[in-house]
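Welcome! Please take a look at the structure shown here, and then we will walk through some of its features together.

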Amino acid sequence: CPAPCECSEAAKTVKCVNRNLTAVPPNLPSYVRNLFITGNHLALLPAGAFPAQRLPDLSALNLSGNHLRAVEAGAFSALPALRQLDLSGNPLVSLSPQAFGEGGSPLEELALRGALRDPGVLLSVAAMLQSGALRNLSRLELADNGLLLLPSGMFTALLALRQLDLGNSSLVGLQNVSFQGLGQLQSLNLSDSSLGVLRNVTLAQLRSQPALRHVGLGRNTWVCNCTVEDLVAWLKESDQVEGKEALTCTYPDKMLGKALLKINGSDLNCSESIDLPSQLQTSYVFLGIVLALIGAIFLLVLYLNRKGIKKWMHNIRDACRDHMEGYHYRYEINADPRLTNLSSNSDV
């Protein structure tokens, strides 16, 4: 057992917690199945961080809260039995899409809570998921990352995914997110975000998931205008949403606090006809008033500067007259052969 760690051969567990470690201990016992290296200062997890063929039974690895900033390619490639990995609470700046090697990984659970606040890391994780390297993943935790939008098609290759946690992520929309093909998905957490509406495309995908029974939508900023009708209809007909009775409107002010399940068509006034010709007529009148005002200002400027304009016109007239007289004088000289030599000499 490494000196800064606590080992239990009976429990197949090694704990290296809050020991100010800057690297993974090289002499870990080969019997370990559960390894906890948390609260340290690893900063970097290079390729071969875990000795090849030394940890054949390691299935659960917790590296949370280590101030980890970079995970290089091949960092986990020497762990053939790895099923659970926790990288939560690390300020990751770089995470290689090849961190699990070229051949993929048997990993089933991946926790990245609060570890993807850097946009570049999010794109790297999306590339890793889309590559199929984690095709066996059944649980993915991406909560507490302040995510606004997710990369397009981020989850399309996770065909074995059962649980997806996107809570507390500040999501403003799911336009790029596709749940198509995730036939095993059972739980989806979208609570504590900034969702204002769920579009028909997203709702259709959620309806089409045969195993999806737990959808969390609590504490979002629902906008209760005409765009919320499809969401309300889905909530009333579906039993997938947990605690749907507590979902309330945030905007507009007149709908603040109203339960989504109690909204009806008369509350939204979506059937009111809009008199487009009258709106256009009002716009034309306003445009005419603006143009008239601009014309009046232009005439006023001309009136106030009438003396200066008159002087300017006289100056232009005098300049044109002098110019034309010069042309006339040269024409007379060129026309009289007796003055040609005189003109040439005077030019010289």
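This is a predicted model: local features need pLDDT of at least 70, side-chain atom pairs count only at pLDDT 80 or more; totals for chains, interfaces and linings use all residues.

Helix α2 covers residues 200-207 and helix α3 residues 229-237, and their axes come within 10 Å and cross at roughly 15°. That makes α2 roughly parallel to α3, a label for angles under 35 degrees. Axes are lines fitted to C-alpha atoms, for helices over the stretch in contact, with angles from 0 to 180 degrees between N-to-C directions. Helices (H or I, at least four residues) and strands (E, at least two) are DSSP runs, numbered from the N terminus.

Which residues make the contact? From α2 come Asn 200, Leu 203, Leu 206 and Arg 207, and from α3 come Asp 230, Leu 231, Trp 234 and Glu 237; contact means heavy atoms within 4.5 Å. These residues divide into four nonpolar, one polar and three charged. Here Ala, Val, Leu, Ile, Met, Phe, Trp, Tyr, Cys and Pro count as nonpolar, Asp, Glu, Lys and Arg as charged, and the others, Gly among them, as polar.

## The start of the chain

The structure holds three disulfides (pairs of cysteine sulfur atoms within 2.5 Å). One of them joins Cys 1 to Cys 7, with 2.0 Å from S to S. The torsion about that S-S bond is about 80°, so the disulfide of Cys 1 and Cys 7 is right-handed.

## Backbone details

Most residues other than glycine have a negative phi, and most peptide bonds are trans. Lys 12, in the loop between β1 (6-8) and β2 (13-17), has a positive phi near 55°. Tyr 251 and Pro 252 are joined by a cis peptide bond with omega about -10°, and Pro 252 lies in the loop between β16 (249-251) and α4 (265-268).

## The listed transmembrane region

The unreviewed UniProt entry lists residues 284-304 as "transmembrane region". There the chain is 100% helix and 0% strand, and the end C-alpha atoms are 30 Å apart.

## How to read the values

Residues are numbered from 1 along each chain as its sequence is written, and side-chain values use heavy atoms, leaving out hydrogens and water. Local features need pLDDT of at least 70 and side-chain atom pairs count only at pLDDT 80 or more, while totals for chains, interfaces and linings use all residues.

Methods
Angles under 35 degrees count as roughly parallel, over 145 as roughly antiparallel, 65 to 115 as roughly perpendicular and the rest as oblique. UniProt positions are given in the numbering used here, feature names are shortened, and annotations may be inferred rather than shown by experiment.
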